[in-house]
Amino acid sequence: MAHRDFVTHPLVLRRLDVLAVREVTPRMRRITLGGPEFDAFERDGLTLGAFHAPMFDDHVKAIFADESELPDVLPIQLAHGIEWTAAPARVARDYTPRRVDHERGEVDLDFVLHGHGPAATWARGAARGDALWVVGPKSSLVLPERLDWIVLIGDETALPAIGRFLDERPTPAPARIVVTVSHPRARQDLALAEGDTIEWVVADPTDRAPLERAARQAIPEDGDGFFWAAAESRTLLPIRRLVSRELGLPKQRVNITGYWHAEHSDDQASPEIPSPVAWFTVRAALRSGILDDLADHPGATPGEIAGRRGLAAPAVSALMPTLVHYGMVVPSGLTDDGLAIGPAAEALLADERAREEFDGHDGDVMHALGALPEALASGRSAWEAARGRTLAEELEQDRALFAEQCEEAGILRFLAPALLRDAVWDGAERVLLAGAGAAELADLAREVGIGAELRLGGNETEVAVLAEASEHGVPDSGPELPHADLGIAAFALRNRTDAEARNLLQRLRARTDVLVVVDATSPDSLDPHAHEERVRAIGVNGSGMRDAEAIAGLGRKTGWIHERTVPLGWGVQAMILHGAH
């Protein structure tokens, strides 16, 4: 079985009370929280579990608001999750529990008292009896079983996680620690064990050079280890590059998190490119390898890049003014025409998710939106108008693309508990699962003890990829599978046009009398760009994000009756359909 690098927890919104306040250093305040909702409690007819944060770098999302603002900014508590509503006024920040004491019913949060943000302002004025609403943690890191060493690197905001690691020692491996602090008074007494080392670096928290130098010296040359880092997001960019490109550490042995984001004078040079010309320019620079080449060869000229990459030199030169304008490329200062990657490109190359917006499936969806006017007039999806066939047709042939869809369906690990506990499973002896989320859902069903016979359904490509993705070796349905008691289509409709979705629902109607359709029916409102998801969906399937009513309408045309809907959170719902007789 493949190593899973995290485990999930039910998301719970809870009100915690300030029990005590004390100064850890002149720059950090520790606030102890507790109260009735630290333990298991009931609210609005729901029984919700006790606070659970078992790992050293777990984090909760704290919501800062006046009492009068709470009804507008608090998320909706579901039976097994959270639904974030659209709330422009919501102010929330992530914090790592420094100490969790279940016997005393307490959790400590440490607040760095710099700046005048909402969290620091709240922490300065916090007093016994004040309330703080928190959500989470939603997951916990799982360290590899055997470690020869662990490296922990961060700034002052990482001290709660580092301190808790040393107190609880989730691995006996010796720790090499580097902490940057802006003032010597920010140093803390930490529970170092024999074999541990720590280096305190006094530097500005946004100065990446001292942190990178110390990180290079801290990483052992031999043995199997784990690299953990948390600090200001841009400060970590050279460290991401160090561990991924230079050292080649596997992903399951690295965890790097930007804990906060500093304001920079070059923030206008963000990877969020407003001009369509600029977006296509950045996409071309990524897909052709220009930015990666420049990162590997600072000071290179357009002609040198073109020669190494087999590109037309005049075309490469033509891209450069736009890349320079948006901070992707800057003059190197080494020669008259030498170039280097700029801060925006550096951030883009270090962030796989951001890169996907230009160079991956997300980028392909954006590219297809160029055909949206034609699609709107013809009734086809923009994807089909741009590429000559639907996304579903491409997924039938492209294993890598479907595997990427299956990986994205990993969010079911956070959302599926409500579905797995639903009565729809009662009495089901044979279950047929289809769609990009089928393997993830099958594995989760096995882990919670569902003993039904599980089979994977779909075309040859889908079944092969799903079988590889399943940790528990769920077999495909094959023609010999008898009529299933329950069918589940997990993220199976969103990439299909209406006609393709009806075709799938009709095929499933021939295999089962009860069907659960799991899909995103609305954007996750915690995402500030959630409104764009509706346009992306139109580009993919021609219909947009289908809500429960729209899915019920497709079902009625193929012999299904919509019985009820189970909200799973983050805009995802499970629609339970029964066959019409």
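Modeller: Let's start with Pro-174, which is partly exposed at a relative accessible area of 31% (buried is under 20%, exposed over 50%, partly exposed in between, with a 1.4 Å probe and protein chains only). Please keep in mind that this is a predicted model, where local features need pLDDT of at least 70 and side-chain atom pairs count only at pLDDT 80 or more, while totals for chains, interfaces and linings use all residues. Residues are numbered from 1 along each chain as its sequence is written, and side-chain values use heavy atoms, with hydrogens and water left out.

Pro-174 sits in the loop between helix H3 (159-168) and strand E15 (175-181); helices (H or I, at least four residues) and strands (E, at least two) are DSSP runs numbered from the N terminus. Setting aside neighbours within four places in sequence, Pro-174 is in contact (heavy atoms within 4.5 Å) with Asp-148, Trp-149, Ile-150, Arg-169, Gly-195 and Asp-196. Its C-alpha atom is 8.9 Å from that of Leu-147, a residue 27 positions away along the chain.

Now to the charged pairs. Taking a salt bridge as a side-chain nitrogen of Lys or Arg within 4 Å of a carboxyl oxygen of Asp or Glu, the count is 39. One of them joins Asp-364 and Arg-283, with N to O at 3.1 Å. Asp-364 belongs to helix H12 (residues 361-368) and Arg-283 to helix H6 (residues 276-287), so this pair ties together parts 81 residues apart in sequence. Asp-364 is buried at 14% relative accessibility, and Arg-283 is buried at 8%.

Because Arg-287 lies in H6 and Asp-359 in the loop between helix H11 (352-356) and H12, parts 72 residues apart in sequence are tied together. Arg-287 is partly exposed at 48%, and Asp-359 is partly exposed at 23%.

Elsewhere, Asp-422 and Arg-564 form a salt bridge whose closest N and O atoms are 2.6 Å apart. Asp-422 is in the loop between helix H18 (417-420) and strand E21 (430-434), and Arg-564 is in strand E25 (residues 560-569), so the two tie together parts 142 residues apart in sequence. Here Asp-422 is buried at 12%, whereas Arg-564 is partly exposed at 29%.
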